Structures are given as structure tokens and as C-alpha cells.
Amino acid sequence: MAVSLLAHVVISDLCLGKPALRSLPISATIADALAALRNSEDNFISIWDCADHHAAHSVSVNVGGDHRSCTCKCVGKVCMVDVICYLCKDDSLLSPCTALKAPVSAILPKIAGLVMHLEPSSSLLEAIDLILEGAQNLVVPIQTRISNYSRRKQLQKPSTTGFATTIHNGFEYCWLTQEDIIRFLLSSIGLFSPIPALSIDTLGIINTDILAIDYHSPASSAVKSISRSLAEQTSVAVVDSEGTLIGEISPFTLACCDETVAAAITTLSSGDLMAYIDCGGPPEDLVRLVKARLKEKNLDGMLEAYIQSAYSSSTSSSSDDESSLSPPRSGKYSRSMSYSARMVRRAEAIVCHPKSSLVAVMIQAIAHRVNYVWVIEDDCSLVGIVTFCEMLKVFREHLGSMG
């Protein structure tokens, strides 16, 4: 029954009401991406290559019966975490202004297949298969074609954010994410009985290959793990010497910070970094500590460089938001007013027990807008992690066995 019902679901059904992507060209600089992220309500900006592609590399879409080869292709996405990790590199620390002039391609993940194009008429099973093969986001054309008049009107609008609405190949596009698919499956959870009631331990979906760092370790030693967790849509666990889960350094939380967090990562311990990026902005004593340690490392010009960058991007924008003219403060509410309206989350980790049911963990992850839940024992010792990807494997195998 599940197969027969879900076989008729196409991904355009899951894209209804989703906002159009915002984009930057592949020719943009990291400074351009930083300005766009500061003024966007989205955590991610899509990067597009609109150079002429050979037929073998073109993207094929079928929208409203109009089959065509696209000359524009989304080649990836970037977020504030990509910028932060880039600024934590040794060369970037010495000259942040020079680092920001590098092309945005320098911070694009080098993992192939993280972003994939898919036709609106593609099935839900095709989307799940792509995600299980490693795709983070699926780029889907919004079915209503943009009229020439509307397109001209859009292009004539002055940009107040430093980036444009994604109108490529005559269409707007949207993201389809793992969370979107999990939400849809949860709405049809009764079709999969009794699988959802089984524990995650019984289903064998607890992944013990986790990213973890000691509470007292330098936060700078976690940069590679942070980059990897961003690519895997997980997080970095912060544990004590006995393996007890204390908290996490989450890319989701870091994405709600600004680039000055690079200074905190360079100077603080992992435990202090958790407090620094927690809700409400960093404690004043940690701010003073970061400044003092930057001075000790002869890196006290970093924050001034970030402030100069913030002023430059603000004065080049026509935004009426006066708060964006202020030098950036470290933490979630450091950029424009629109940015402060984003949902932010504390550094406290979201956890479950090995005997928790699959449906309970699904609901828990969706409620907290994360793609994973940490698994701990009664004594808080860290067992592993359960991800949306592992959950999707269960549903896909179940559907395959019924096909």
C-alpha cells in the first residue's frame, strides 16, 4: 500500500510554497558571499555557473511539457560556516582583507554531488536515492515559468542585499532538503507500520563514526571536523575525558554567527567556544579574552579588518536598515535586523536513548530543525548519532522490499 501511494508522489508536490533561491555567480568573491549572507534570511546562498556548457554537461529539465537543456547550473552552496572555516586558515588570519578577495569557488565544498538538479516530475523515490548517494540539496525548478515581463521587472529591481533572485533558464528554483522529505514521510508514517515504532537500536541506524573533540582542546583543532560536519549535515560533539557528552559545536549554530567568530575559534577552547556562540551573544569576559589572546598572537588587526569589511559592504548596499551600518558584533544578532529574526539554537545538544523509537527521534529532530540526534546512555556517555540519511535508508529499504 505504501508503495502504491508514494509511487504517485512527485517532488513538485513537496516544493509547494517553498521560496525561490537567492544566488551568486561563480565569478563572485568571498566578500560578495559574505555581504549576501549578512543580509539574507537564508543560511545558504546558491552559487551558479552560467557559462556555456557542452551538451554532455548540461542540465535537463522538463517543466510543463517544455523539455530543454539548461545553460545555467547550480554548482554548490555556501554559508557563513564556509567563510568562517576559510578565515581560520593561517594565511587568512594574517590578512583577512586579502582572503575575502578570493573567488567564492575557494570555499565551495570539493565533494562532488552535494547539490544536484532534479526535474519537478521526478518521483519521491528518485529524490531519496539521490540523497542516499550523497546529495544534501536538490535544486528543483519552480513550475510556474517566469514571464518575460515579470523577468524584466525582477531584473530592474534594485538589489538591496548584494545578490539576486535565482532566475535561470527562464525559471526560479527552490531547494528540496532531507528535512523536507522526512517531514513528508512523517505525515504518512502510518503507511510504514510497524517500522516507526521500532527502536533506533533495533533498526541498527546508530552511527558510531562520530566527530568529537575534548572540552578543553583548542577550538582551532576542530576546524576540519566542523567543515566535515557541515558537509555531512551533522555536528561536532564536545565530550569530557570520560566520553560524556557536554555539548556540541554545531554548523547550524555557527551559521547564525558572523565572521568574527573566526577570532574566537582561533583563541578559545572548545568549551569556551560553546559559550561564545550560545544564544544571546558572547559573554563580555570571553570577548575580552579573545581580544587579549589575539594581541598575544599579533593578530589584533583581525577584528578591525572585519569591521572595515562590514562598513564596505554596508555602504555599497542601498538598504535602509541602519543597524547594518554598525560594526558587527559576535553572535547571532550581529548583522541586519532581518538576520536577527532567524531561528537560532543553543549549543546544548539534542539527545535520545538507544531504545527511543524511530518516529520519536524523527519528531525530535524536526522540532529542533536539525538533521541528526545524538544517542547517549543513561549516564550521558556518548553512543553515536542518528541522522536523517540513516532514517531515509530504513524507509527506502522498506519500500524496496514491498515493490
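Analyst: Buried means under 20% relative accessible area, exposed means over 50%, and partly exposed lies in between (1.4 Å probe, protein chains only). This is a predicted model: local features need pLDDT of at least 70, side-chain atom pairs count only at pLDDT 80 or more, and totals for chains, interfaces and linings use all residues. Residues are numbered from 1 along each chain as its sequence is written, and side-chain values use heavy atoms, with hydrogens and water left out.

User: Is glutamate 390 buried or exposed?

Analyst: Glutamate 390 meets lysine 393 in a salt bridge, 3.5 Å from N to O. The term means a side-chain nitrogen of Lys or Arg within 4 Å of a carboxyl oxygen of Asp or Glu. Lysine 393 is partly exposed at 35% relative accessibility. Glutamate 390 has 17%, so this residue counts as buried.

User: How many residues apart are lysine 393 and glutamate 390 in helix α19?

Analyst: Helices (H or I, at least four residues) and strands (E, at least two) are DSSP runs, numbered from the N terminus. Helix α19 covers residues 388-402.

User: How many residues apart are aspartate 201 and lysine 355?

Analyst: Their closest N and O atoms are 3.4 Å apart, in a salt bridge. The pair links distant parts of the chain: aspartate 201 sits in helix α10 (residues 200-203), lysine 355 in the loop between β14 (351-352) and α18 (358-367). Aspartate 201 is partly exposed at 38%, while lysine 355 is exposed at 56%.

User: Which helix holds both glutamate 232 and arginine 228?

Analyst: These two form a salt bridge, with closest N and O atoms 2.8 Å apart. Glutamate 232 is partly exposed at 39%, and arginine 228 is partly exposed at 34%. They lie four residues apart, about one turn, in helix α11 (residues 223-232).

User: What is the volume of the largest pocket?

Analyst: On a 1 Å grid over the protein atoms alone, a pocket is an open set of points where a 1.4 Å probe fits, with protein on both sides within 12 Å along at least five of seven lines; lining residues have an atom within 4 Å of a point. Grid points are joined across faces, edges and corners, and a volume is the space filled by probe spheres set on the points. For the largest pocket, that gives about 1,000 Å³.

User: Which element supplies the largest share of the lining of the largest pocket?

Analyst: The lining has 34 residues; among those nearest the centre are Glu179 and Arg369. β5 (73-79), β10 (171-177), α9 (178-187), α11 and α12 (251-254) each give at least two. The largest share is four residues, from α9.

User: In the open sheet, which residue in β12 stands opposite isoleucine 213?

Analyst: The order is β11-β12-β13, with mixed pairing; two strands pair if DSSP finds at least two bridges between them. The edge strands are β11 (212-214) and β13 (245-249). Three bridges join β11 to the parallel strand β12 (residues 236-239). Opposite isoleucine 213 stands valine 238.
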